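New page in my notebook. I want to look this one up piece by piece and jot down what turns up.

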Amino acid sequence: MDSKERIAKALQLATDTKVFEMGQGVSSMAPAVFKDCFPGRKAVVVAGVNTWPVLGEKVYSLFLSAGIETQKYIIDKKEFHAEWKYVEMVDCLLDGNFQKAKEIEDSTDYVEPDAGKAFRPACDSYYVAVSVGSGVINDLCKLSSHHHSQSYLTLPTAASVDGYSSFGASISYQNSKQTFSCPAPLAIIADIDVIAAAPKKMTAAGYADLAAKIPAGAEWMIADLMGTEPIVPEAWHVLQDVIDQQLSNPEGTAKGDPQAVADLFEGLTLSGIAMQAARSSRPASCCDHLFSHILDMTHYRYNGELQSHGFQVAIGTLTMCAVFDEFFKMDLSQLDVDACVAAWPSLEQEQERALGIFKDFPAPKLGYTEITKKYNDAATVREQLTKVKENWPEFKEKLRAQVYPFTRMQALMKAAGAPSDPSDLGLTREQLRDMFPKVQLMRFRFNILDLAKRGGFYDSLVAAVFARGGAWEI
Ligand SMILES: [Zn+2]
C-alpha cells in the first residue's frame, strides 16, 4: 500500500475528516476544497506573524480571487500558547466581531470565563475558520469551530505535531493543560513545499511527537491487559502497523527532504485519525506526554524561550523507553500478589498523597481529581496483578516488540535533530526524576507507573533509570 492508499483507507475510519490533500503545491486547491466543504459560507484566514508570509497571504488572495467572501486575522504575537484567551479571540472572529477579537488578544488583565458557556447555537452567518499555521493555531480554530457547531479547513505549515487531524484540542485553562473534546477538521490541505521548508526545529519536534506513539502504544497495551481502556483495533492498526517505517528516516526529515517530510506528515496524520477512531488521545499519548504537560503548566522556559511540544515530548519519550528497559529486567512471574494487595492504600490515602505532591503546583487539586478517577479497590488490584503475573513472559515479549530500547530511540532523536538529553532543554536529571510522582498521578489514564505502584516496584523502577548504568544516570 502506498501513502495515498493508506490515507484513503484511514479516511474511511475518520469520523470527522473527509478531505485530505497532501503534496507539493496543493495549497492552490484550498478555495475549491473550501467551496466544496462549506458552500456559500464566509471564510476567515487565521494566521500568525510567521505563517502569514509563508502561506497565509497566498491563501487569502486565492480565496478573494475565487470570489469567496474572506477576512484575514493575523495574530500579532511572536510567541503564544494555546490558552483560553486565544480560544475566545477566535470565537469572536467566527462571530464576525473582529474588533472584540483584537481587544481580547491585546488585553493584559484577561479573566477566563466559564468554558462551558462558549457554545453558540448553529448559524450559517458565522465565518468558517481557515487555519494557516502550526499546532497552536489549529487547536484554537478546532475548539472555536466546535463552539459554533461547525467545522473548518486547516493548512498546516509544519510537520510539528499530530494535532491537525486529531480529535480534541489541547488548551491551557485554569492553569491546567486540558484536552477539550472537539471534532477534527473536515478538510486538511498539507502543502509539502511549505511544510518541508519549515524551520528544522519544527520538523524535528514532529518527529519526536510521532516517536512518542512507540512507548504510548506499550502503555495502551498495559491498560488493555488491566481492562481499563481496551485497545480499539482499527485505531491501533491504522498507526502502529506503519509507524516503524515512518520513523525510519530521521536523517531525511532533518534535511527537510520532501519525501521524508511527507512520510512524517503522513504518520502524524494517521496518529490523528487513530484518535478520531478511538474518540480519545489514548492511541497517541501517555506518560511520554505528561512530562511536557508539567513543563507547559509551569511555563517552563530554556534560554528565555518556551520549548515546543515535540521537544518536550522527546525527553518524555526517551524517559519512558528507559523505564521500559528497566521494566523488562523484572520478573513479575514471581510477584507476591497477596503482599501487594495487603499493602495497597485506601482511596483516602492516595488522595492525601496526591494533595501533598501537587501542593505547590499551579493546579494543586489535579492529582487528587485524577487519582480519584483511576483508583482501583484492592479486589481489582488483585485481579490486575494476577493477570500480569500469569501472563508475564508472553506479555513482556509483546511489549518488547512494541517499545524501542532507549539507546535506539536516542540515536533516532539525535539523527532527527530532536533533543536527546534533558540538558538539551536545560533540565537536570534530578528535575526529571522529581517529575515522576506527578506524572503518575496527573491523568486519569492507567499508565505503567500505576502498574508499578500496584506491584510495589515503583520506587525501584524509577530509581533504576537514574542509577549507575541507567539511561539518565545521576
Ligand atoms: Zn503530542
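This is a predicted model: local features need pLDDT of at least 70, side-chain atom pairs count only at pLDDT 80 or more; totals for chains, interfaces and linings use all residues.

Domain bounds here come from an automatic or database domain assignment. By that assignment I get domain 1 (3-198) and domain 2 (285-466). Residues are numbered from 1 along each chain as its sequence is written.

**Between the domains.** I looked up the centres of domain 1 and domain 2, taken over C-alpha atoms: 33 Å separate them. Nine residues from domain 1 and 10 residues from domain 2 make the contact (C-beta atoms, placed from the backbone, within 7 Å).

**The core.** Which residues touch the most other members? I found Val46, Val130 and Ala208, out of 146 residues. Helix 13 (residues 258-278) gives the largest share, 12 residues; helices are DSSP runs of H or I, at least four residues, and strands are E runs of at least two, numbered from the N terminus. Both domain 1 and domain 2 give residues to this core, so it lies between them.

Strand 6 (residues 169-173) is largely enclosed by the rest of the structure, because four of its five residues are buried. I saw strand 6 pair with strand 7 (residues 176-180) in the antiparallel sense over five bridges (pairing needs at least two DSSP bridges). Tyr173 stands opposite Ser176 in strand 7.

Methods:
A residue is buried if 20 or more other C-beta atoms lie within 10 Å of its own, exposed if 12 or fewer, and partly exposed in between; C-beta atoms are placed from the backbone. Two residues are in contact if their C-beta atoms, placed from the backbone, lie within 7 Å. A nonpolar core is a set of buried Ala, Val, Leu, Ile, Met, Phe, Trp, Tyr and Cys residues joined through C-beta atoms within 7 Å.
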